[in-house]
Amino acid sequence: MQAILHVNNLKTYYYAGNRVVPAVDGVSFTLSRGEVLGIVGESGCGKSTVARSVTGLFDRSYTRIEGGEVLFDGMDLTRQSAKTLNRIRGKKISMIFQNPLTSLNPVYTVADQITEVLLLHEGMNRRQARERALELLTMVGIPEPKARLDDFPHQLSGGMQQRVLIAIALACNPQLVIADEPTTALDVTIQAQILRLMDNIRTQFDMGMLLITHNMGVVAEMCDRVLVMYGGVVVEEADPLQLFDAPLHPYTRGLLAAIPSIEAQKETLYTIPGTVPRFSHPVTCCRFADRCPHCAGHCRTQEPPLFRTGDGRGVRCWNYLSEKEEPSQ
């Protein structure tokens, strides 16, 4: 498949007074056209920071990209001006945000918010843009789309608001869509509808999709490959079948064990002890050491690299070091 996005050793740090927080600390991956790459992990592990680093949508007063590159369409997005990024965002790279009610402007109609991106990037006049907006609302399954064009966001249900966000993201037929927790604010039935819609659109337009989520069920349903993040780094990389069948990293096993199961009939739900810590740069130990049931002495003295296994997987854990495995470059 044709690769459309290369992220190489990306490092995005937050600055709080004299403290430096490595929110993303050396993340690398490639995304191909037509592929869905999932990034999964607890809140605070760096998933959304990766997405905002790719698009340049972060507060530069306390956030800096300190290293690495984000290669898209022949250019490194981390080195582009705000003007150049504005030409790319919305046209070639689109983003579907987590909460549609806070992402949509409450004082503008649905038509206003969809046509804005068309007027800006496609050079359409207002009549053409409105016709295209009607096509998009029909495509994403909005009932009575012509009537909904002049509605305000608060007049729509949560599922319809999310469909409007998807319509905005698809307006210019982008090469890459970044979906940041796109179903978190929706009930289970609407979640399933939105996921089916996103999968159909991905197939229809052959676009790449970066799907950020904490929901392992969404990973199983949607993704071709999965990155498990913890503490700003990738701790495991695999395809969904490998990940669910034989997780390698203790953190991944903990995430899977915490999924409720009717068959298992658990009296209590499993939880990973502790919370995601806030590291300071530089990190000199395994980031999962304080919560890991298999932590040994060397885990607290040296951070493991991402080891590549024989079946193409990756795992950042000293317990899986062997003579045949070599650190990822």
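By class, the lining of the second largest cavity holds eight nonpolar residues, no polar and no charged ones. Here Ala, Val, Leu, Ile, Met, Phe, Trp, Tyr, Cys and Pro count as nonpolar, Asp, Glu, Lys and Arg as charged, and the others, Gly among them, as polar. The lining residues are Ile96, Ile166, Ala169, Leu170, Val177, Met198, Ile201 and Met209. α7 supplies three of them, the largest share, and both α7 and α8 (188–205) give at least two. Helices (H or I, at least four residues) and strands (E, at least two) are DSSP runs, numbered from the N terminus.

This is a predicted model, in which local features need pLDDT of at least 70 and side-chain atom pairs count only at pLDDT 80 or more, while totals for chains, interfaces and linings use all residues. Residues are numbered from 1 along each chain as its sequence is written, and side-chain values use heavy atoms, with hydrogens and water left out.

**Cavities and pockets**

On a 1 Å grid over the protein atoms alone, a cavity is a set of points where a 1.4 Å probe fits but cannot get out, and a pocket is an open set with protein on both sides within 12 Å along at least five of seven lines; lining residues have an atom within 4 Å of a point. Grid points are joined across faces, edges and corners, and a volume is the space filled by probe spheres set on the points. Three cavities of 30 Å³ or more are present.

| Space | Volume | Lining by class |
|---|---|---|
| Largest pocket | about 600 Å³ | eleven nonpolar, eight polar, three charged |
| Second largest pocket | about 430 Å³ | ten nonpolar, twelve polar, six charged |
| Largest cavity | about 50 Å³ | eight nonpolar, two polar, no charged |
| Second largest cavity | about 40 Å³ | eight nonpolar, no polar, no charged |

The largest pocket has a volume of about 600 Å³. Its lining comprises 22 residues, and Gly90, Phe97, Glu116, Val117 and Ile168 are the closest to the centre. Two or more lining residues come from each of β6 (93–96), α4 (110–121) and α7 (158–170). α4 gives the most, six residues.

In the second largest pocket, 28 residues form the lining, and Tyr14, Gly44, Cys45, Gly46 and Thr49 lie nearest the centre. β1 (3–16), β2 (19–32) and α1 (47–55) each contribute at least two residues, with α1 giving the most, five.

The lining of the largest cavity includes His249, Pro250, Phe288, Ala289 and Asn319, together with Cys286, Cys292, Cys295, Cys299 and Cys317.

Leucine 176 in β7 is the bridge partner of isoleucine 93.

Proline 153 sits in the loop between α6 (145–148) and α7. The residue is buried, at a relative accessible area of 3%. Leaving out residues up to four places away in sequence, proline 153 touches Leu104, Asn105, Pro106, Tyr108, Gln113 and Gln161, contact meaning heavy atoms within 4.5 Å. Between proline 153 and isoleucine 168, 15 residues apart along the chain, the C-alpha atoms are separated by 13 Å.

Note on methods. Buried means under 20% relative accessible area, exposed over 50%, partly exposed in between (1.4 Å probe, protein chains only). Two strands pair if DSSP finds at least two bridges between them.
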